Amino acid sequence: MRLLVSAERVWTATDEHLVEDGAVLVERGLITAVGPRAELAESAPDAHVYDFPGHTILPGLINAHVHLSLDAGAEPINTLLASEDDELLDGMAERAEQALDAGTTTVRDLGDRNGTAIRIRDAVARGEITGPRVLAAGPPLTVHGGHCWFLGGEVERDENSLRRAIARRAELGADTVKVMASGGQITPNSPAMWQSQFSEDELRVIVDESRRHGLPVAAHAHGSDAITDAVAAGVTTVEHCTWLGPDGMDEREAVIRAMRDSGVRVCAGQSRNWHGLGAMIGEDLARRFHRRLSNLVEDGVGVIIGTDAGVRNSVFHDFAGALGLYEHLGFDNDRILRMATSEAAEALDLGQLTGRIVPGLRADLVVVRGDPLARLSDLGEVALTVANGRPHHPRAAA
Ligand SMILES: [Zn+2]
């Protein structure tokens, strides 16, 4: 059956940009046409019509950093540790649907337990559960007792062990490799956020073995040393990129230039709770911390948007809320929307599949009330999500 989705405007994330009074024709999961509503309606009189006056159609959003296996509650790790995989999978399916409610049609899951996000990915693809396209890393590589060790990704640091660990992830069906290059926030008694967990040489082995399996590498890196080593080792994306040293922030121009020149992207991993940071670490430091993202973009580094959904209070059902940070930093709405759609797709090597409204790409769409190009918060007013050609009516916000 063909679907014709029409609205006051279609924002395509291409150079053609906007179609006023436009429509998108969908057939067998693919976008087959985009153009003026009247023209498309005439060409497809048999199509099932979803018409949204006063709304905008955009490419489905891409949340480039989530953890479906964490529940975004007050104690996500304890909840995870108390759950068997079957129970965990039920919760993950629910959170996958919440992502769709928010217009997110692709998520990159950067660390689960036992490959559960890979199972969710496959269940979505088979149509057994309702959810976005999932790119999954499986358990993130970490050192013994290191950041997020409880996800099961602890590895010895000799070359053979590192290579074997990556081969195992490839066998498990992972789409990407995630390595905890530095410490993090949420693991008691593990290295500090600014401390490196792996050396540059060890990261090189990880990148090399991942490439042999055709897998990109996402490096969690808060510390400036870890960022420096990860970029030198040739990772695909740096997650967080917080520029922490032992004595505070330590932004490194030479590393930023290296990222720009080698095409390494940064994913911030910041949820809608970004406003609250000032109260925690002081307004001045919070401003500098957020400014690192506009500094990266000004210096030509690609930045994509992820929310670290699943960690404490970082919800799955409000991707739009996280985008407010970029508005606050002075990006225009068109640019922010591209970062969350076409630029993210390109960074994740999905540009020929999704991220724009172009005939031949998968039918990943979000329809929102109003006009997010004029008012970004309208992106949160989701009326319909189409994921891989399947329409989904969002449930009332949780
Ligand atoms: Zn994360």
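Reply: Let us begin with a definition: a charge sits over a ring if NZ of Lys or CZ of Arg is within 6 Å of the ring centre and within 35 degrees of the ring normal. The model is predicted, so local features need pLDDT of at least 70 and side-chain atom pairs count only at pLDDT 80 or more, while totals for chains, interfaces and linings use all residues. Residues are numbered from 1 along each chain as its sequence is written, and side-chain values use heavy atoms, with hydrogens and water left out.

Me: What makes the charged end of Arg292 count as sitting over the ring of Phe289?

Reply: The charged end of Arg292 is 4.2 Å from the centre of the Phe289 ring and sits over that ring.

Me: Why are His65, His67 and Asp308 called donors of the zinc ion?

Reply: Donors are N, O and S atoms within 2.8 Å of the metal (3.2 Å for Na, K and Ca); water is not among the atoms, so sites may look incomplete. His65 (NE2), His67 (NE2) and Asp308 (OD) lie 2.1 to 2.2 Å from the zinc ion, and therefore they qualify. Along the chain, the donors follow the spacing H-x1-H-x240-D. His65 in strand β5 and Asp308 in the loop between β13 and α11 are 243 residues apart; such strands (E, at least two residues) and helices (H or I, at least four) are DSSP runs, numbered from the N terminus.

Me: How do you know whether His65, Asp308 and Glu128 are buried or exposed?

Reply: Buried means under 20% relative accessible area, exposed over 50%, and partly exposed in between (1.4 Å probe, protein chains only). His65 has 0% and Asp308 has 12%, so both are buried. Glu128, in the loop between α4 and β7, has 52% and is therefore exposed.

Me: Why is the pair of Trp149 and Phe150 called edge-to-face?

Reply: Rings of Phe, Tyr and Trp (its six-membered ring) pair if their centres lie within 6.5 Å; planes under 30 degrees apart count as stacked, over 60 as edge-to-face and the rest as tilted. A search of the whole structure finds two aromatic pairs. For Trp149 and Phe150 the centres are 5.9 Å apart and the planes 75° apart, so the pair is edge-to-face.

Me: What makes the pair of Tyr326 and Phe331 tilted?

Reply: The centres of Tyr326 and Phe331 are 6.2 Å apart, with 50° between the planes.
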